[in-house]
Amino acid sequence: MQNHILYSFRRCPYAIRARMAISYSNVEVELREISLKNRPKEMYEVSAKGTVPVLITKNKKIIDESLDIMIWAINKNKKQNLLNNKNELELISSNDFEFKQWLDKYKYHVRFPDKTKEFYREKCCYHLDKYEKILSKNKYLFGDSIKITDLAIFPFVRQFAFSDVKWFNCNYNHLSDWLNEFIDSSLFNSVMHKFELWDSNKKPFLINFNSYKS
Ligand SMILES: N[C@@H](CCC(=O)N[C@@H](CS)C(=O)NCC(=O)O)C(=O)O
């Protein structure tokens, strides 16, 4: 029988969140770790946009948006209470379509010289301030237990923080506690192992990330 196949790239924030939801939901996949510089033709054959992650389910459904892969994984394990209402998805949408754009400009400000690094950082802070405010009241972004929102947004906040950790920690108390909890979590670490690049001539590499939890 065919496996669920996941094309992934270890450091991609979208792929990280998809793998975290897959690990959380305890779903086994055939992992195809790729290089973005040398994307396999097999991936383009199923998804012409050529972005990771891409999931091909056992019944051959193609899911090539990370959020949809997360929802697929959560629904496979109905016991998980990660997704309760649509408002959770709204915060993710502003993360993906607004925060992420400013984050890229902040990180690569040298390539976007029409504005300063500080200008781009300020734009990011509009979103980070929102998260900080929520986390000053709740343990997580949607209450006192982990939800899809936390998993979906965490890899992007991590990227922002790593651009200037000292500045981030000085400015965002609650958010840095939240971030560090995820960075230290067995869930995150279960999906960050380094695996060899996929080679179509080798045996399929089946993995349940959950079993890599320490
Ligand atoms: N909206 C997509 C975005 C995925 C995405 O942009 N992934 C990046 C890697 S982090 C990528 O594949 N970039 C290659 C490209 O854009 O050509 C998702 O959520 O899955």
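1. Which residue follows H1 with a positive phi? Asn26 does, and its phi is near 65°. The model is a predicted one, in which local features need pLDDT of at least 70 and side-chain atom pairs count only at pLDDT 80 or more, while totals for chains, interfaces and linings use all residues. Residues are numbered from 1 along each chain as its sequence is written, and side-chain values use heavy atoms, with hydrogens and water left out.

2. Helix H1 covers residues 13–24, helices being DSSP runs of H or I with at least four residues, numbered from the N terminus.

3. The whole structure holds 18 aromatic pairs, counted where the ring centres of Phe, Tyr or Trp (its six-membered ring) lie within 6.5 Å. One of them joins Tyr140 and Phe182 edge-to-face, at 6.3 Å centre to centre and 65° between the planes, edge-to-face being over 60 degrees. Tyr140 lies in the loop between helix H5 and helix H6, and Phe182 in helix H8, 42 residues apart. Tyr140 is buried at 6% relative accessible area, as is Phe182 at 3%.

4. Arg111 lies over the face of Tyr108, at 4.3 Å from the ring centre, where the criterion asks for CZ of Arg, or NZ of Lys, within 6 Å of the ring centre and within 35 degrees of the ring normal.

Methods:
Phe/Tyr/Trp six-rings, centres within 6.5 Å; stacked < 30°, edge-to-face > 60°. Helix = DSSP H or I, 4+ residues; strand = E, 2+ residues; numbered from the N terminus. Buried < 20%, exposed > 50% of the residue type's maximum accessible area, 1.4 Å probe, protein only. Expected span 1.5 Å × (residues − 1).
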